[in-house]
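Please keep the structure open while reading.

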Amino acid sequence: MNRRELLLLVAGAVTASHGLRAQQKAMQVIGFLDGTSLGSGAPLVVAFRQGLSEGGYVEGQSVVIEYRWAEGRYDRLPALAADLVGHKVDVIATGSLAGIQAAKSATSTIPVVFFGGGDLVALGLVAGLARPGGNLTGFTMMSLELNPKRLELLSELVPQAVVIALLVNPNNPQTEGVVRDVQDASRAKGVELQILRAGTESEIDDAFAALVQLHAGALVVMGDAFFFSWREQLVALASRHAVPAIYDVHEYAAAGGLISYGPSLTGLWRQVGIYAGKILKGTKPVDLPVQQPTIFELVVNLKTAKELGLTVPPSILARADEVIE
């Protein structure tokens with residue numbers, strides 16, 4: 001199935017859900033709250049619906065899904081979460097820390113299944129991982145913990161880079177933690193780190209212009225829903241400026257990015273779908289532990305490496321879970 005077909009499939013399901021909501025009042029309803037857009041988030045919806053199907057739920061037949069997309073704007077998430085609560089959905093499914101915070105602020109009674117990064121206990125979102133308490137449970141991404149590893153991989157791939165840039169979204173609540181951790185990692189590696197900030201499409205272009213002026217030899221892109229929505233633009237800009245870049249999820253490398261390292265985004269949404277199905281059947285969030293990912297994907301795009309004139313070290317190829325040629 002190509003991207004256009006996938007998008008049409010998801011768009012059709014979204015449109016159908018509104019009609020079904022009116023016709024089948026007795027059907028349980030899931031609120032799908034995401035920081036990306038319908039276009040970029042289509043593979044995530046497919047994975048979520050796969051997880052639901054494993055519990056016997058099929059959209060349009062045994063469950064209705066109300067979709068809310070923030071289009072990369074975190075400031076929209078609280079209103080979107082409140083709208084889902086107003087629609088009296090039976091469970092809210094969300095990805096990203098900002099989505100979790102918005103859902104928690106919007107309701108203390110409707111179950112919320114999530115995945116997101118950050119120290120969820122320290123942030124007061126759950127009481128503990130084994131016994132989350134309250135109405136929230138789900139999966140962590142370990143996004144903060146993996147950023148230093150991404151810088152190490154990039155340094156190994158581009159050892160000549162003495163200046164490395166870090167692209168962050170200032171609107172993301174995790175940004176300062178990401179900056180702090182990558183700064184520590186850069187000092188340990190003996191490289192200079194330059195911070196670039198972009199929270200809008202135009203600022204992405206500005207960030208790459210600044211990257212060239214700073215003579216950065218490589219780029220780490222923070223894991224972020226806004227960046228994910230514009231991943232093709234990010235990959236194209238990195239190619240245009242001939243900058244080796246590392247990303248957090250497979251989809252970037254599949255779009256032509258050089259290398260990615262992190263948990264499977266579609267795998268996490270599938271797990272969220274499984275948890276949502278269990279809650280619809282009566283399991284309480286407090287009885288479902290918050291789980292951490294155990295598998296991380298290292299994906300290398302050899303075609304992009306060749307275009308950049310890079311030779312991928314055997315040490316990285318040997319660890320790669322997927323090599324795109």
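Helix α11 gives the largest share of the lining of the largest pocket, 3 residues. This is a predicted model, in which local features need pLDDT of at least 70 and side-chain atom pairs count only at pLDDT 80 or more, while totals for chains, interfaces and linings use all residues. Residues are numbered from 1 along each chain as its sequence is written, and side-chain values use heavy atoms, without hydrogens and water.

The largest pocket has a volume of about 240 Å³. Among the 13 residues lining the largest pocket, G267, L268, Q271, P293 and T294 are the closest to its centre. Strand β5 (136–140) and α11 each supply at least two lining residues. By class the lining has 5 nonpolar, 7 polar and 1 charged residues.

The largest nonpolar core has 82 residues, and I30, F48, I164, L167, L219, F227 and W269 touch the most other members. Helix α11 (residues 265–280) contributes the largest share of this core, 8 residues. Apart from this core lies another, of 26 residues, including A70, A81, A102 and F114. Leaving aside neighbours within four places in sequence, I30 is in contact (heavy atoms within 4.5 Å) with F48, L52, V63, V64, I65, E66, V89, V91, A93 and L280.

Helix α5 is largely enclosed by the rest of the structure, because 11 of its 15 residues are buried (under 20% relative accessible area, 1.4 Å probe, protein chains only). Among these buried residues are S143, N147, P148, R150 and L157.

Technical notes. Buried means under 20% relative accessible area, exposed over 50%, partly exposed in between (1.4 Å probe, protein chains only). Helices (H or I, at least four residues) and strands (E, at least two) are DSSP runs, numbered from the N terminus. A nonpolar core is a set of buried Ala, Val, Leu, Ile, Met, Phe, Trp, Tyr and Cys residues joined through side-chain atoms within 4.5 Å. On a 1 Å grid over the protein atoms alone, a cavity is a set of points where a 1.4 Å probe fits but cannot get out, and a pocket is an open set with protein on both sides within 12 Å along at least five of seven lines; lining residues have an atom within 4 Å of a point. Grid points are joined across faces, edges and corners, and a volume is the space filled by probe spheres set on the points. Ala, Val, Leu, Ile, Met, Phe, Trp, Tyr, Cys and Pro count as nonpolar, Asp, Glu, Lys and Arg as charged, and the others, Gly among them, as polar.
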